[in-house]
Amino acid sequence: MEGVFIGMIVASFALALFLFLRHRRRAEIQRVLQQAEPAGRLLDVMPVKGFAYVPQRDALAALLRNGEPLLLRREPDNPYDCKAVKLLRVDGSPIGYLPRRYNAIPAALLEQGQQLSGRLRLDGGEGQFRRMAVELYWEVSQ
């Protein structure tokens, strides 16, 4: 009986420690994201396309955060769109593409060596969003 009681105390302590560390990590991530201001001028806001084709998208959707910085990479060898611009999280995981209809200018700027950055915009909240968009920023040298 005493062993069961000690086991319950240890399990309760472990659960409390896990929840505390998880909360602390989330707060740290939010603080970093809020401090990271986008560099440059807002070029456009457009929807993210192709998220439905991302591997393990359900698990990834739970990790996405509003305002999260995004990387933009040209994909000139894309068989579906020669002006494709891929959207990646900072850790390198893909989340989709800029829409084909609107990617000509960002693709041309990236090909010229211009710095473009992005911010994720989620409609409906983290983990349960209905729509996903990207804010494009153009780093214009002064």
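This is a predicted model: local features need pLDDT of at least 70, side-chain atom pairs count only at pLDDT 80 or more; totals for chains, interfaces and linings use all residues.
Residues are numbered from 1 along each chain as its sequence is written. Local features need pLDDT of at least 70, side-chain atom pairs count only at pLDDT 80 or more, totals for chains, interfaces and linings use all residues, and side-chain values use heavy atoms, with hydrogens and water left out.

Start by selecting Glu135, found in strand β6 (residues 131-138); strands are DSSP runs of E with at least two residues, helices runs of H or I with at least four, numbered from the N terminus. Glu135 counts as buried because its relative accessibility is 14% (buried is under 20% relative accessible area, exposed over 50%, with a 1.4 Å probe and protein chains only). Now show Arg121: its side chain makes a polar contact with that of Glu135 at 2.9 Å (a pair of N or O atoms within 3.5 Å, one able to donate a hydrogen and the other to accept it).

Next, colour strand β5 (residues 116-123), which is largely enclosed by the rest of the structure because six of its eight residues are buried. β5 and β6 pair antiparallel over eight bridges (pairing takes at least two DSSP bridges), and Arg119 has Glu135 as its bridge partner in β6.

Finally, select helix α3 (residues 104-111), whose buried residues are Pro106, Ala107, Leu109 and Leu110. Just after α3, stop at Gly113, with a positive phi of about 85°.
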